[in-house]
Amino acid sequence: MENSYDIAIIGGGIVGLATARALGERVPSARLVILEKEAKLATHQTGNNSGVIHSGIYYKPGSYKAKLCVEGKGLMLDFCQKHGIRVDHVGKVIVATEQAELPRLQTLYERGVANGVPVEMIEPAQLREIEPHANALRAIRSPSTAIVDYKEVCAAMTRELTARGVAIETGAGVTSIRRGAGAIELVTPRAVVRTTRIVNCAGLYSDVVARMAGAKVDLRIIPFRGEYYMIRPERQDIVRGLIYPVPDPEFPFLGVHLTRTVHGEVEAGPNAVLAFAREGYRFATVSPSELAGTLTYSGFWRMARKYWQTGSYEMYRSLSKNAFVQALQRLVPALRPEDVTRGGAGVRAQAVSPDGSLVDDFRILAEADAIHVLNAPSPGATASIAIGRHIAGLAVENFGLK
């Protein structure tokens, strides 16, 4: 590979690809390279995404998530239309099944209104017209929620970037970072890549890469595995679009839900289980060094003390199909254990602060010659093009680019 560039983007998921697109638009003369450690792009969080284009209803008004999700949704829809990528505008319902959830449902509705998201509070009779098998005391309808295949989005982004002359190197995981006179050297298994600036979009390893680069990072990525079941084909008509529970405001996960995909399948999940490796897609996958990193982090134990009951239940639900189905039956009572089969899993890169709090908003650290995307979980894929544009703006400001 050529080994001298103006900007190196570390990580070839959807945020890294979108960032490269935005940098190419803002600074067309810059020589760009994307370094991806896997043999293929979009292998981890992007490749295991459920494919939802989120509307922006969940997020605190004024937060990065709220702004970039709403902006990013529009940009994503435009991108898909331009490239002929299928998008299904199936809509979403968020259902309150207990009295205690009604105030939280109202808060979600108010957030949606504040964020400029089309939302409608509906009663059980209206819900049955949309999702005949769903159960609720009241519900929110989010008609602008859609579904897509983000692998197809990444493939289209890759074609664009290649046509623009952006170098894309796979099998090029960064193992160390050295700083010399006027250059940063990125050591990979295949070559030493020289650059003057870096953008870290390494996802599950974003904190590791940031520390390699000498950044002062006050958080650690803790991996959470999200496991899915699949609804059997003969029972998939039980769900028309997307059916979600009212999320726990103290826990930045949306709870197990039912999601129709653009390929005609229906996914059930995910849960949120502590993974024993950053790429721990199976319960039996353990990385001793990465698990030790989690267990020796004081923030993990403070988090565990705060969420031990929730974490214990998530672990139990991971091991018990009946418990998983019971959670789904709160949303769709007609579902039976025999209607679902084990599906795949993804791993969420969740940033955790030293005080044990789960970082809820996007977290981006900008320095003179490096930008680190330290926390970009859901709705990261929806917001990716907007995140890329935001990073490109930071790069122009901080890197002195024109």
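Leaving aside neighbours within four places in sequence, Leu35 is in contact with Ile9, Ile10, Gly11, Gly12, Glu169, Ala172, Val174, Leu186, Thr188 and Val193. In this predicted model, Leu35 belongs to strand S2, and its relative accessibility of 2% lies under the 20% cut-off, so Leu35 counts as buried. The C-alpha atoms of Leu35 and Ala202 are separated by 9.5 Å, although these two residues are 167 residues apart along the chain.

Helix H1 itself spans residues 14-26, and its 13 residues reach 18 Å from the first C-alpha to the last, which is close to the 18 Å expected at 1.5 Å a residue. H1 is mostly covered, with 11 of its 13 residues buried; among them are Ile14, Val15, Leu17, Arg21 and Leu23.

Two packed helices are described by the angle between their axes and the distance between the axes. For H1 and H10 the packing angle is about 40° and the axes are 7 Å apart, and the two helices are therefore oblique to each other, with H1 passing H10 in a right-handed crossing. On the side of H1, the residues that meet H10 are Ile14, Val15, Ala18, Thr19, Arg21, Ala22, Leu23 and Arg26, while their counterparts in H10 include Gly380, Ala381, Ser384, Ile385, Gly388, Arg389 and Val396. By class, this contact of H1 with H10 has 12 nonpolar, five polar and three charged residues.

How are the axes of H2 and H5 arranged? These helices pack at an angle of about 70°, with their axes 11 Å apart, and H2 and H5 are therefore roughly perpendicular to each other. Here Met76, Phe79, Cys80, Lys82 and His83 in H2 meet Tyr150, Val153, Ala156, Met157 and Glu160 in H5, and the residues of this contact divide into seven nonpolar, one polar and two charged.

In the loop between H2 and strand S4 (92-96) lies Asp88. Is Asp88 buried or exposed? At 19% relative accessibility, Asp88 counts as buried, because the cut-off for that label is under 20%. When its neighbours within four places in sequence are left aside, Asp88 is in contact with Ala146, Ile147 and Val262.

The backbone deserves a separate look. Most residues other than glycine have a negative phi, and most peptide bonds are trans. Ala42, by contrast, has a phi near 55°, a positive value in a residue other than glycine; Ala42 lies in the loop between strand S2 (32-35) and strand S3 (52-53), and at 10% relative accessibility it counts as buried.

Where are cis peptide bonds found? One joins Gly269 and Pro270, with omega about 0°, and Pro270 sits in the loop between strand S15 (266-269) and strand S16 (273-274). Another joins Ser378 and Pro379, with omega about 10°, and Pro379 is placed in the loop between strand S19 (370-375) and helix H10 (380-399).

Note on methods. Residues are numbered from 1 along each chain as its sequence is written. This is a predicted model: local features need pLDDT of at least 70, side-chain atom pairs count only at pLDDT 80 or more; totals for chains, interfaces and linings use all residues. Side-chain values use heavy atoms; hydrogens and water are left out. Helices (H or I, at least four residues) and strands (E, at least two) are DSSP runs, numbered from the N terminus. Buried means under 20% relative accessible area, exposed over 50%, partly exposed in between (1.4 Å probe, protein chains only). The expected span of a helix is 1.5 Å times one less than its number of residues. Axes are lines fitted to C-alpha atoms, for helices over the stretch in contact, and angles run from 0 to 180 degrees between N-to-C directions. Angles under 35 degrees count as roughly parallel, over 145 as roughly antiparallel, 65 to 115 as roughly perpendicular and the rest as oblique. A crossing is left-handed if the near helix is turned anticlockwise from the far one by less than a right angle, and right-handed if clockwise. Contact means heavy atoms within 4.5 Å. Ala, Val, Leu, Ile, Met, Phe, Trp, Tyr, Cys and Pro count as nonpolar, Asp, Glu, Lys and Arg as charged, and the others, Gly among them, as polar.
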